[in-house]
Amino acid sequence: MSERLSRARAVRLGWTFAAVVVLCALPFYLDAFWLRIGLFSMAAAVGAVGLGLLSGTAGQLSLGHAFFLAVGAYGYVWLAGEPGPGLPTALAAVLAVLLAGVAGGLFSPVAGRVRGVYLGVATLALVFLGHHVLLTADSVTGGFNGRSVPPLEVGGFSFSADSELSLLGVPFGAEERLWYLGLALFAITWFTARGLLRGRPGRALVALRDSETAAAVMGVDVSRYRSAAFVVSSMYAGLAGVMLALAFRRVVPDYFGLVLSVDYLAMIVIGGLGSVAGATAGAVFVTALPLLMTRYADQLPLVAAPGTTDGAVGPTEAARYLYGAAIVLILLFAPDGLHGLVRRLRARLRSRRTAPPPADAASPSQPPASAVRAKEPTP
Amino acid sequence: MTTRTTAPPALTVTDVTVRFAGLTALDAVSFTVTPGSVHALIGPNGAGKSTCFNVLSGLCRPATGTVRLGDADLTRLAPHRIAALGVARTFQNIVTTQGTVADNLLLGRHALSRSGFTASALRLPHARREQREQLARAREAAELTGLGPHFDSPVALLSYGDRKRVEFARALCLEPSVLLLDEPVAGMNAAERVRTVEVVHAVRAELGLSVVLVEHDMGLVMRLADEVTVLDFGRVIAHGTPDEVRRDPEVLRAYLGTGAEAEDAA
């Protein structure tokens with residue numbers, strides 16, 4: 001059994017290593033368009049992991065994710081820029097994440113008391129409030145036109161195209177440099193979020209979602225954990241906001257509207273609630289789809305090229321229809337999202353591989369996939 | 001599971017009254033659970049047994065009266081504080097969380113472990129060590145209740161009896177001094193009932209805890225309980241050993257209804 005486990009671990013390590021190598025090599029082969037898709041996807045993945053923790057794991061519906069993304073993005077821009085304190089950019093980035101956490105903490109008296117759909121509506125108010133403040137507080141946010149984002153600098157190394165840099169004959173512009181920053185921040189998110197979910201806090205949050213009564217009598221401080229889920233989720237959102245600001249190089253209020261919050265909900269639903277890998281997959285899908293459709297609009301049937309007005313569906317609208325359809329299909333046929341779909345496929349493959357020999361003595365506790373499916377819990 | 005060296009504190013319920021908008025669910029209920037005993041709470045449907053459990057575990061605050069565990073006053077404490085003081089309970093309708101048996105039992109270890117958000121997120125060494133230790137304790141509880149073979153199975157795939165056992169094991173994981181069991185054998189077949197009775201006997205002998213039991217199976221109550229308190233319409237109508245209670249005319253009337261009235265008429 002232990003030999004089996006260690007082999008599984010070695011296989012997993014091998015896959016992780018391969019994924020890291022591929023991701024690190026990509027900037028040498030892809031042009032800026034693809035890298036930008038990657039940057040937005042990584043930022044969205046960080047934000048989606050945060051929302052997944054709150055809405056998927058802890059079961060608290062939030063429509064206010066865009067607000068916390070905005071706090072992170074604008075927090076960074078204001079703290080690092082002029083007008084503003086003009087702090088060192090790395091410090092400003094860290095403070096912006098903490099600021100988003102504080103914003104989540106300030107909301108926690110509400111989050112600790114209101115449940116379900118009512119919490120969704122309460123968080124909805126945050127988005128409108130935030131949008132209004134972004135439009136009117138000109139001196140901090142730059143009003144309707146927004147502000148340009150000061151490039152991040154860590155120890156004299158600038159994540160922008162200001163200085164010439166080329167590696168192995170490939171010129172390293174802003175996208176290439178930000179790619180590695182995004183990868184590092186995403187890796188941190190992946191590592192911490194999975195640690196949280198598998199540890200004591202994650203189990204308490206799951207218990208909160210499944211039954212607050214059971215959680216309470218098992219010793220979980222319900223209101224404290226409800227608030228903590230909000231704070232942690234807002235910090236991931238803040239980090240995602242900083243990453244988005246760096247990738248966009250300009251922040252504008254209209255981006256941080258209700259539609260963004262709904263996009264994030266779509267990501268975690270498509271990916272599968274309560275899983276880090278699922279949230280990541282959903283984030284990549286929802287982020288990359290409209291960008292790809294815009295790029296290849298002229299080659300797609302029924303989709304008009306951007307800028308034309310001959311009655312056909314524009315690429316962004318088409319992308320929205322597509323992922324609306326994806327949500328419906330997933331809710332109907334794979335309610336546990338892409339993550340659940342992959343897990344079931346893997347279980348089926350494994351049972352097919354081990355089926356020919358009559359019984360697999362090494363893993364008696366593993367129920368065959370067919371049994372898993374037959375007794376799926378009925379809600 | 002560590003065996004308790006000192007006797008658990010006594011659970012004392014004094015004059016507890018609970019009203020739900022005009023309905024008096026509990027009316028000046030008093031009883032004491034002797035340390036290390038099995039105390040059964042019986043009565044017809046709607047007598048207030050579950051309300052009484054909700055008061056004991058802090059889910060429901062009484063209008064008047066007190067609940068004390070040894071020197072600690074539990075009356076106004078939040079449920080998670082009562083749990084931390086060593087009062088664990090199961091539910092009449094099974095309330096488990098998603099995930100494996102191990103996940104559920106580790107939830108039971110929540111109050112006895114420390115690692116918070118930061119330590120778990122950064123996977124600090126002490127958090128990982130704690131997780132390993134808690135897992136070992138959870139496995140012990142699973143073995144004790146006969147859930148060992150199912151330790152890594154998802155709870156949703158277990159049979160009804162096994163899921164009831166998961167709740168029981170999860171409550172044991174709290175290392176309670178008082179264990180509240182709400183209909184532990186309801187819906188079980190005969191073999192499962194026997195097994196549950198054995199486990200209750202075993203944990204009481206090994207861990208020396210007090211058990212408060214709500215159960216409709218009178219045979220089981222009579223075999224298991226040291227003391228019985230009978231509730232009817234929120235009032236305590238009888239109290240004593242199983243034999244005393246069985247002969248009590250008030251109890252017969254509450255359960256059989258017309259028995260006493262028929263005698264009166266005759």
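Helices (H or I, at least four residues) and strands (E, at least two) are DSSP runs, numbered from the N terminus. I am working on a predicted model, in which local features need pLDDT of at least 70 and side-chain atom pairs count only at pLDDT 80 or more, while totals for chains, interfaces and linings use all residues. Residues are numbered from 1 along each chain as its sequence is written, and chains are lettered from A and ligands numbered from 1 in the order in which they are written.

**Entry 1. Chain A overall**

I looked up the secondary structure of chain A and found 15 helices and 6 strands. For burial I count a residue as buried if 20 or more other C-beta atoms lie within 10 Å of its own, exposed if 12 or fewer, and partly exposed in between, with C-beta atoms placed from the backbone. Chain A has 379 residues, of which 44% count as buried. I then took the contacts in chain A between residues at least 6 apart in sequence; 73% of them join residues at least 24 apart.

**Entry 2. Helix H5 of chain A**

H5(A) runs over residues 116-136. Its 21 residues reach 31 Å from first C-alpha to last, close to the 30 Å expected at 1.5 Å a residue; the expected span is 1.5 Å times one less than the number of residues. I listed the buried residues of H5(A) as A:Leu119, A:Thr123, A:Leu126, A:Val127, A:Gly130 and A:Leu134. They cover an arc of only 100 degrees around the axis, so they sit on the same side of H5(A). The arc is that of the directions from the helix axis to the C-beta atoms. The buried residues of H5(A) pack against H3 (65-80), H4 (89-111), H6 (138-141) and H11 of chain A. On the other side of H5(A) I found A:Val117, A:Tyr118, A:Val121, A:Leu129, A:His132 and A:Thr136 exposed.

**Entry 3. Helix H11 against H2**

H11(A), residues 258-271, also packs with H2(A), residues 32-57, at an angle of about 75 degrees, the axes being 9 Å apart. Axes are lines fitted to C-alpha atoms, for helices over the stretch in contact, and angles run from 0 to 180 degrees between N-to-C directions. The two helices are therefore roughly perpendicular; angles under 35 degrees count as roughly parallel, over 145 as roughly antiparallel, 65 to 115 as roughly perpendicular and the rest as oblique. From H11(A), A:Tyr264, A:Met267 and A:Ile268 meet A:Ala44, A:Gly47, A:Ala48, A:Leu51, A:Gly52, A:Ser55 and A:Gly56 in H2(A). I sorted the residues of this contact into 6 nonpolar, 4 polar and no charged. Here Ala, Val, Leu, Ile, Met, Phe, Trp, Tyr, Cys and Pro count as nonpolar, Asp, Glu, Lys and Arg as charged, and the others, Gly among them, as polar.

**Entry 4. The side of chain A that touches chain B**

I found 27 residues of chain A in contact with 34 residues of chain B. On the chain A side, H7 (174-198), H8 (200-210), H9 (212-217) and H10 (222-248) each supply at least two residues. H8(A) gives the largest share, 7 residues. By class, that side of chain A has 15 nonpolar, 7 polar and 5 charged residues.

I also checked H8(A) against H10(A): they pack at an angle of about 110 degrees, with axes 10 Å apart. That makes H8(A) roughly perpendicular to H10(A). A:Ala204, A:Leu205 and A:Leu208 of H8(A) make the contact with A:Val222, A:Tyr225, A:Arg226 and A:Ala229 of H10(A). The classes there are 6 nonpolar, no polar and 1 charged.

**Entry 5. Loops**

A:Gly112 is in the loop between H4 and H5 of chain A and counts as partly exposed, with 18 C-beta neighbours inside 10 Å. Leaving aside neighbours within four places in sequence, I find A:Gly112 in contact with A:Ser223, A:Arg226 and A:Ser227. The C-alpha atoms of A:Gly112 and A:Phe230 are separated by 9.2 Å, and these residues are 118 apart along the chain.

The peptide bond from A:Glu82 to A:Pro83 is cis, omega being near 0 degrees. A:Pro83 is in the loop between H3 and H4 of chain A.

B:Ala21 is in the loop between strands E1 (11-20) and E2 (23-33) and is exposed, with 4 other C-beta atoms within 10 Å.

Key. Contact = placed C-beta atoms within 7 Å.
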